[in-house]
Amino acid sequence: MQPAFPIVPAPDAAEHEAGRLLFAQQTEFLKGVVAMDGLPGADRIEVCFAGRSNVGKSSLINALTGRRGLARASNTPGRTQEINYFTQTDQLYLVDLPGYGYANAPLKVVEKWQRLLKAYLTGRQTLRRAFVLVDARRGVKEPDQEIMTLLDQAAVTFQVVLTKIDKLKAPELDRVVDQVRTALAKHPAAYPGLILTSSEKGDGIETLRSVIAGIT
Ligand SMILES: Nc1nc2c(ncn2[C@@H]2O[C@H](COP(=O)(O)OP(=O)(O)OP(=O)(O)O)[C@@H](O)[C@H]2O)c(=O)[nH]1
Ligand SMILES: [Mg+2]
């Protein structure tokens with residue numbers, strides 16, 4: 001029997017081509033947003049990348065777009081402090097979000113980001129899918145559960161992307177996939193299909209491109 005949350009297989013030729021074409025277009029940084037009224041016009045659909053601090057959101061955007069320095073990535077948790085909009089075509093925005101679950105910044109600042117993050121995730125009409133990134137070494141943790149519950153309540157479809165799979169051996173990866181499946185079973189907004197990625201090695205990047213192309 002197929003598990004409820006199968007690993008998304010590599011794209012077939014047509015899906016692969018759709019993903020390749022979408023991301024062959026130059027992606028540009030549009031703006032960093034610090035308040036809901038700064039969001040760009042809701043004139044096209046968007047997908048966002050959410051996840052704990054340091055999980056690899058910005059790195060994943062860079063890997064998808066093939067542009068290393070496009071989204072600022074770093075080893076310092078809390079690197080992304082705004083909602084960063086990237087434009088690609090006039091049909092799609094890619095949105096890099098500040099991380100959650102990071103306490104090592106002034107409390108007032110953290111609270112401000114978290115409020116903005118939650119307002120965005122629950123209040124953006126044109127948000128078609130939230131990719132919730134989960135570090136493959138860690139699995140789904142409490143702060144992830146909170147965000148997933150928020151997305152359930154807002155009826156925003158989310159899909160889990162495991163990151164940094166290059167850091168694990170196959171049996172460890174199997175274990176974490178089981179843990180993620182168990183965690184997702186409680187979330188009605190969870191899209192059935194896990195994407196396993198390494199921005200470092202390129203695993204799963206073509207698959208994710210195709211998945212995004214399938215949403216537009
Ligand atoms: N080995 C490995 N390291 C990765 C991978 N993806 C990201 N990293 C590293 O993880 C660290 C954090 O990456 P970021 O992309 O900045 O993470 P983020 O989720 O955007 O972090 P915040 O903006 O702080 O929330 C960096 O040092 C990256 O080089 C991966 O696939 N494999
Ligand atoms: Mg970031």
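Select helix 1 (residues 13-24) and helix 6, helices being DSSP runs of H or I of at least four residues, numbered from the N terminus. Here E15, H16, A18, G19, L22 and F23 of helix 1 meet E206, R209, S210, I212 and A213 of helix 6, contact meaning heavy atoms within 4.5 Å. The residues of this contact comprise 5 nonpolar, 3 polar and 3 charged; Ala, Val, Leu, Ile, Met, Phe, Trp, Tyr, Cys and Pro count as nonpolar, Asp, Glu, Lys and Arg as charged, and the others, Gly among them, as polar.

This is a predicted model, in which local features need pLDDT of at least 70, side-chain atom pairs count only at pLDDT 80 or more, and totals for chains, interfaces and linings use all residues. Residues are numbered from 1 along each chain as its sequence is written, chains are lettered from A and ligands numbered from 1 in the order in which they are written, and side-chain values use heavy atoms, with hydrogens and water left out.

Next, select L208, which lies in helix 6 (residues 205-215). L208 counts as buried because its relative accessibility is 0%, the cut-off for buried being under 20% relative accessible area (1.4 Å probe, protein chains only). Leaving aside neighbours within four places in sequence, display F49, L60, L64, F131, V161 and I195, with which L208 is in contact.

Finally, select strand 4 (residues 92-96), where 5 of 5 residues are buried; strands are DSSP runs of E of at least two residues. L92, L94 and D96 point one way from strand 4, and Y93 and V95 the other way.

Terms used: Buried < 20%, exposed > 50% of the residue type's maximum accessible area, 1.4 Å probe, protein only. Axes fitted to C-alpha atoms, helices over the stretch in contact; angles between N-to-C directions.
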